[in-house]
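Please read the points below with the structure open beside them.

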Amino acid sequence: MVNEAAWRQLHDEFKTKGLTLVAVSKTKPFEDIKELYALGQRDFGENYVQELTEKQAVLPSDIHWHFIGHLQSNKVKYIAPFVHLIHTVDSFKLLQEINKQALKNARIIGVLLQVFIADEETKFGLDEKELADLSDNYLAQKEQLKNVRICGLMGMATNTEDEQKIRSEFSRLHEILESLKRSHFAEEAHFSICSMGMSSDYKLAIIEGSNMLRIGSLLFGKRDYTQ
Ligand SMILES: *Cc1c(COP(=O)(O)O)cnc(C)c1O
């Protein structure tokens with residue numbers, strides 16, 4: 001069972017504000033995705049390669065699948081034929097592999113660079129130095145990377161009740177996006193996505209400039225990892 005009222009409220013608000021709602025359906029059954037699809041939701045986010053490929057195979061083909069989990073290079077090939085946007089690029093090697101698999105599939109795959117903004121060791125992502133290095137490498141080898149399109153940045157705030165802290169982390173990600181746009185992506189009009197905000201902190205993310213929200217439990221209820 002999905003929370004239809006919550007979906008309608010988010011959908012209407014985001015539509016007015018020009019924001020993209022990614023419904024995070026990890027661990028949730030096909031039926032839940034179909035329910036939201038029937039209401040009009042088209043962007044869905046998944047964290048695990050195998051779960052994503054299983055769902056993609058049977059669900060409607062016009063769904064935009066977002067990959068938002070940690071991605072290993074050797075698994076890119078399984079999602080390259082269909083994935084819409086990969087939010088979690090955290091190395092140049094991974095970017096090169098996505099390009100290679102996109103080329104094999106005669107596609108251009110959109111990606112976001114994942115930036116580490118929280119102070120939790122469990123979270124993934126590039127620090128600012130690594131982000132600058134990756135962007136330098138990309139610019140230097142752009143001609144060989146025509147099958148990836150870097151569309152912006154993604155980040156996760158610290159899991160805390162401290163709203164000031166969350167806001168300052170989101171605000172920093174937005175600043176990094178703006179400065180990277182000037183320094184490395186000035187010629188690339190599509191470099192504009194700021195993917196930040198989940199069920200617990202999406203309101204703060206919007207205040208700080210998010211334009212893509214990844215929301216799971218608010219729409220689908222709490223996840224049960226014990227099954
Ligand atoms: C699970 C997950 C979400 C959604 O989290 P909720 O708290 O359920 O909204 C968003 N982003 C990422 C990267 C996730 O792994």
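1. In this predicted model, a side-chain N or O atom of Arg223 lies 2.7 Å from an oxygen atom of the ligand. The protein covers 91% of the 390 Å² of accessible area that the ligand has on its own.

2. Lys26 also reaches the ligand through its side chain: an N or O atom there is 2.7 Å from a ligand oxygen atom.

3. Which residues come nearest to the ligand, of the 13 around it? They are Lys26, Asn47, Ser199, Ser217 and Arg223.

4. As for the site itself, the ligand takes up the space of the largest pocket.

5. Turning to the fold, the protein has 9 helices and 8 strands. Its radius of gyration is 17 Å, close to the 17 Å given by the globule rule for 227 residues, so the protein is as compact as a globular protein of that length.

6. For overall dimensions, the C-alpha trace of the protein spans about 50 × 45 × 35 Å along its principal axes.

Terms used. Residues are numbered from 1 along each chain as its sequence is written. This is a predicted model: local features need pLDDT of at least 70, side-chain atom pairs count only at pLDDT 80 or more; totals for chains, interfaces and linings use all residues. Side-chain values use heavy atoms; hydrogens and water are left out. A residue is near a molecule or strand if one of its heavy atoms lies within 4 Å of it. A polar contact is a pair of N or O atoms within 3.5 Å; within protein, one must be able to donate a hydrogen and the other to accept it, and residues adjacent in sequence count only if both atoms are side-chain atoms. Accessible areas come from the Shrake-Rupley method with a 1.4 Å probe; for residues, only the protein chains shown count as cover. On a 1 Å grid over the protein atoms alone, a cavity is a set of points where a 1.4 Å probe fits but cannot get out, and a pocket is an open set with protein on both sides within 12 Å along at least five of seven lines; lining residues have an atom within 4 Å of a point. A molecule sits in a cavity or pocket if more than half of its atoms lie within 2 Å of its grid points. Helices (H or I, at least four residues) and strands (E, at least two) are DSSP runs, numbered from the N terminus. The radius of gyration is taken over C-alpha atoms; the globule rule is 2.2 Å times the number of residues to the power 0.38.
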